[in-house]
Amino acid sequence: MEGDASDSQVTIKNIEKELICPACKELFTHPLILPCQHSICHKCVKELLLSLDDSFNDVASDNSNPSSPRLRLTSPSMDKIDKISRPGWKRNSLTPRPTTFPCPGCEHDVDLGERGVSGLFRNFTLETIVERYRQAARAATAIMCDLCKPPPQESTKSCMDCSASYCNECFKIYHPWGTVKAQHEYVGPTTNFRPKILMCPEHETERINMYCELCRRPVCHLCKLGGNHSNHRVTTMSSAYKTLKEKLSKDIDFLISKEGQVKSQISELNLLMKETECNGERAKEEALTHFEKLFEILEDRKSSVLKAIDASKKLRLDKFHTQVEEYQGLLENNGLVGYAQEVLKETDQSCFVQTAKQLHLRIQKATESLKSFRPAAQASFEDYVVNTSKQTEVLGELSFFSSGIDIPEINEEQSKVYNNALINWHQPEKDKADSYVLEYRKISRDEEMMPWNQLEVHDTSKVVSNLESNSHYAFRVRAYRGSICSPCSRELVLHTPPAPVFSFLFDEKCGYNNEHLLLNLKRDRVESRAGFNVLLAAERIQVGYYTSLDYIIGDVGISKGKHFWACRVEPYSYLVKVGVASSDKLQEWLRSPRDAASPRYEQDSGHDSGSEDTCFDSSQPFTLVTIGMKKFFIPKSPTSSNEPENRVLPMPTSIGIFLDCDKGRVSFYDMDHMKCLYERQVDCSHTMYPAFALMGSGGIQLEEPITAKYLEYEEDV
């Protein structure tokens with residue numbers, strides 16, 4: 001028996017980590033079972049709710065007073081917890097009470113519903129185990145009698161009905177033979193009292209007598225009859241008890257039977273840890289050896305280069321010194337000039353001629369050197385600049401030996417950036433990797449090296465979200481097979497749009513001409529069928545037929561902020577216009593083409609035609625640019641060249657439109673290079689809509705956002 005008792009104590013002590021509340025990191029106190037089946041202390045639940053309540057009130061006060069700073073969340077005081085625990089305490093009915101919070105155990109959001117904390121079960125089993133642990137931890141600490149006069153005696157029994165502990169004398173006094181109290185249930189000394197009958201938290205007067213198999217929780221008969229579990233499959237409590245106990249017993253027996261295997265695997269893991277430690281240190285030593293060799297080579301090359309520079313510098317300085325000495329002799333008080341002045345003092349003609357002839361030649365040579373001055377050496381060391389660009393690139397790619405894994409190649413054509421960034425890469429089948437790591441970072445304008453962000457990917461594509469607008473990002477990828485990784489791929493730089501992407505579809509209810517325009521079911525593509533109608537209307541060759549612009553707009557308007565969207569114009573298109581239009585002008589736009597007051601009366605509509613020449617600086621309530629015949633036509637403007645050859649550009653694959661309502665400006669971009677092709681002021685006093693127009697044969701496809709169908713979904717745990 002003594003051996004069994006000691007084994008029980010050891011077992012109890014070994015499960016301490018299972019008895020720690022995930023919120024307060026202390027032993028459970030009156031634990032409650034959350035809907036996610038994790039347990040948490042009663043006081044911890046209230047603290048979490050009060051923290052959320054304070055946060056909610058802080059946000060509300062911030063919204064009402066924008067100048068007030070947001071306060072940090074602090075743990076609620078015990079006064080607040082006591083206040084919320086009082087039966088008579090009520091909140092203001094106008095203030096919503098938070099009931100949802102993340103479980104500290106699994107971090108999933110749990111909703112307590114209208115009943116809040118009072119709707120949760122107490123985990124009495126866990127309470128009992130915690131109490132046994134406390135007693136094992138304080139084996140020498142006795143539980144004293146609750147009814148003794150001071151000093152209290154050590155208790156010998158605890159009454160579960162009275163929730164109190166008694167010594168022998170007090171138990172006889174308060175539980176005399178022949179009375180009702182004599183029939184109470186009593187156990188050994190304990191501080192853990194729980195009711196003999198588990199009551200339903202939803203219906204406080206009803207006993208728990210059934211088990212809901214769908215919700216996996218005990219319920220009462222009222223929950224089944226008309227409550228939240230009326231349509232759920234339930235079973236009797238005895239059946240649930242038997243089934244769950246059998247399953248738990250089998251699981252425990254299985255684990256116990258595998259104890260030898262677990263110990264063997266633990267030993268193997270410990271050996272692997274030691275081996276990993278040794279191999280890691282050995283790998284570090286080998287890496288240091290390789291780097292030391294590189295350092296030796298660099299030191300040797302550095303010494304040779306510096307010696308060559310010093311030798312060249314000495315040779316050049318010697319030449320300069322010699323040249324300086326020669327020119328010093330040309331000065332009045334030095335050398336040749338002084339000697340010549342002395343020769344001039346000779347009065348004997350024959351002696352003078354004998355000496356002056358040679359001196360004249362020397363002076364004549366010195367005079368010529370003054371006329372064509374040339375330094376004896378070069379001061380520049382341009383020929384001695386060390387070119388390390390290639391070596392720097394190689395060292396930058398320095399990595400572990402790839403063991404035959406080729407470097408992945410990012411597919412630039414299939415990689416794009418719009419509302420998110422979609423990066424695609426290719427890996428040869430023979431070198432198929434287990435996983436990849438996609439790295440990306442923002443390229444700072446001040447050339448500050450931003451840290452790389454890393455994403456683990458198990459496919460050859462990945463969507464990267466939460467990128468900043470109007471920024472350059474560099475992307476690279478490397479492959480992994482087991483513990484071996486390949487070097488990084490060549491970097492791909494993408495430029496994000498200048499503003500958040502604006503989502504809309506074509507509007508088939510506002511001025512849509514279904515005789516000339518064909519809209520697909522998804523409402524993201526429109527085609528013009530006007531060219532076919534022209535042929536049908538031309539009965540005789542002498543008869544012309546006037547073709548008008550057919551307009552279509554987006555189904556969502558813009559009244560403020562910065563927005564960006566893009567579209568693709570089919571290369572075969574004859575004439576297409578894209579841009580923005582003001583809501584107060586839409587009625588004029590959508591009049592009959594035969595109405596001279598309508599912008600549709602003229603082919604160019606006056607929107608970006610020659611009429612703009614007279615009103616360059618005025619803000620227009622509409623702006624359209626023309627695309628057609630694989631060309632992009634820039635409207636006339638006073639700030640740019642209006643020569644025809646300077647106003648015609650090749651048609652971009654995708655055209656972006658950036659509308660800044662706050663500044664009243666619209667810009668048109670080449671999406672391939674995120675380059676602004678044209679911009680101008682626009683009147684944004686009314687709601688603005690994306691606007692399009694087609695003449696003749698043509699087609700417009702809205703740029704498809706990088707939506708959820710590209711994303712990788714992980715299985716729910």
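What is the relative accessible area of Lys630, and does the residue count as buried or exposed?

A: Lys630 has a relative accessible area of 51% and is therefore exposed. In this classification, buried means under 20% relative accessible area, exposed means over 50%, and partly exposed covers the range in between, with a 1.4 Å probe and protein chains only. The model is a predicted one: local features require pLDDT of at least 70, side-chain atom pairs count only at pLDDT 80 or more, and totals for chains, interfaces and linings use all residues. Residues are numbered from 1 along each chain as its sequence is written, and side-chain values use heavy atoms, with hydrogens and water left out.

Lys630 occupies the loop between strand S26 (622-628) and strand S27 (631-633). Helices (H or I, at least four residues) and strands (E, at least two) are DSSP runs, numbered from the N terminus. The backbone of Lys630 has a positive phi of about 65°, although the residue is not a glycine. Most residues other than glycine have a negative phi. Met674 also has a positive phi, of about 50°, without being a glycine. Met674 is placed in the loop between strand S30 (665-670) and strand S31 (675-681). Met674 counts as buried because its relative accessibility is 6%.

Leu702 belongs to strand S33 (residues 697-702) and is buried, with a relative accessible area of 6%. Contact here means heavy atoms within 4.5 Å. With neighbours within four places in sequence left aside, the contacts of Leu702 include Phe504, Leu505, Phe506, Arg523 and Asp524, and also Ala566, Cys567 and Phe692. For the chain, 60% of the contacts between residues at least 6 apart in sequence join residues at least 24 apart.

Seven of the nine residues of S15 are buried, and the strand is mostly covered. Two strands pair if DSSP finds at least two bridges between them. S15 and S18 run antiparallel and are joined by nine bridges; within this pairing, Glu439 has Arg476 as its bridge partner in S18. S15 also pairs with strand S16 (residues 453-457), in the antiparallel sense, over five bridges, and here Leu438 faces Leu455 in S16.

The side chain of Glu439 forms a salt bridge with Arg478, with 2.4 Å between the closest N and O atoms. This pair links distant parts of the chain, since Glu439 lies in S15 and Arg478 in strand S18 (residues 472-481), 39 residues apart. Glu439 and Arg478 are both buried. A salt bridge is defined as a side-chain nitrogen of Lys or Arg within 4 Å of a carboxyl oxygen of Asp or Glu, and the structure holds 18 of them.

Other charged pairs have other surroundings. Arg490 and Glu412 meet in a salt bridge with an N to O distance of 2.8 Å. This pair also links distant parts of the chain: Arg490 is in the loop between strand S19 (484-485) and strand S20 (492-495), Glu412 is in the loop between strand S12 (409-410) and strand S13 (416-417), and the two are 78 residues apart. Arg490 counts as exposed because its relative accessibility is 57%, whereas Glu412 is partly exposed, at 44%. Glu342 and Lys345 form a salt bridge whose closest N and O atoms are 3.3 Å apart. Glu342 is partly exposed, with a relative accessible area of 47%, and Lys345 is exposed, at 57%. Salt bridges also link Lys416, Arg568 and Glu703 in a network.

An open sheet is formed by three strands in the order S2-S1-S5, with antiparallel pairing. Its edge strands, strand S2 (39-41) and strand S5 (121-122), each pair on one side only. Strand S1 (residues 31-33) pairs with S5 over two bridges in the antiparallel sense, and Ile33 stands opposite Phe121 in S5.

Of its 717 residues, 32% are buried. The chain exposes about 46600 Å², of which carbon and sulfur atoms supply 53%; accessible areas come from the Shrake-Rupley method with a 1.4 Å probe, and for residues only the protein chains shown count as cover.
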